[in-house]
Amino acid sequence: MAKKPPKRPSVGDIVHVVFLDHAENSQDVLLFEVVGRLSAITKKGYTVRCWGYVDALDRAGDGNPENETSYAIVKAAVESIVVLHA
């Protein structure tokens, strides 16, 4: 049986991203990972929200954007991105 190709990530998916990042005073770049909800896909990168509201009404009612954390990751630095849950 033919193996299915991996699912392409879409906004809203829960993803695991492994990526290369710079490391100050290190001898080389290092691999890092983030797991979270893909909140944006741009021409150059992915934005992953790893701490955030589940309910949009809670987000609007609380009005505190500092309660969420996201990371923008350059696509060229991504070693792998796996959709964990669509």
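## A tour of salt bridges, core and surface patch

The structure holds three salt bridges. The model is a predicted one, and the tour starts with these bridges.

**Stop 1: Asp13 and Lys7.** Select Asp13 together with Lys7. They form a salt bridge in which the closest N and O atoms are 3.2 Å apart. Is Asp13 buried or exposed? Asp13 counts as buried, because its relative accessible area is 4% and the cut-off for buried is under 20%. Lys7 has a relative accessibility of 43% and is partly exposed.

**Stop 2: Glu68.** Next, select Glu68, found in the loop that runs between helix H1 (56–62) and strand E4 (69–74). Which residues does Glu68 contact, apart from neighbours within four places in sequence? They are Arg49, Trp51, Gly52, Tyr53 and Arg59.

**Stop 3: Arg59.** The side chains of Arg59 and Glu68 form a salt bridge with an N to O distance of 3.0 Å. Arg59 is partly exposed, because its relative accessibility is 29%. With all three residues shown, you have a network of salt bridges linking Arg49, Arg59 and Glu68.

Stop 4: Hide the charged residues and turn to the nonpolar ones. In soluble globular proteins, nonpolar side chains tend to be buried together. Select Val15, Val17, Phe19, Val34, Leu38, Tyr46, Val48, Ile73, Val78, Ile81 and Val83: these eleven residues make up the largest nonpolar core. At least two of its residues come from each of strands E1 (14–21), E2, E3 (45–51) and E5 (78–85).

Now centre on Phe19. Not counting residues up to four places away in sequence, Phe19 touches Leu30, Leu31, Phe32, Glu33, Val34, Ile73, Ala77, Val78 and Glu79.

Stop 5: Leu31 lies in strand E2, residues 30–41. Is Leu31 buried or exposed? Leu31 is exposed, because its relative accessible area is 56% and the cut-off for exposed is over 50%. Select Leu20 and Val29 as well: with Leu31 they make a nonpolar surface patch of about 250 Å².

Conventions:
Residues numbered from 1 in each chain as written. Predicted model: local features only at pLDDT ≥ 70, side-chain atom pairs only at ≥ 80, totals over all residues. Heavy atoms only, no water. Patch = residues over 30% accessible without salt bridge, like charges linked within 9 Å, V, L, I, M, F, W, Y side chains within 5 Å. Areas by Shrake-Rupley, 256 points an atom, 1.4 Å probe, with all protein chains shown as cover. Salt bridge = Lys/Arg side-chain N within 4 Å of Asp/Glu carboxyl O. Helix = DSSP H or I, 4+ residues; strand = E, 2+ residues; numbered from the N terminus. Buried < 20%, exposed > 50% of the residue type's maximum accessible area, 1.4 Å probe, protein only. Core = buried A, V, L, I, M, F, W, Y, C linked by side-chain atoms within 4.5 Å. Contact = heavy atoms within 4.5 Å.
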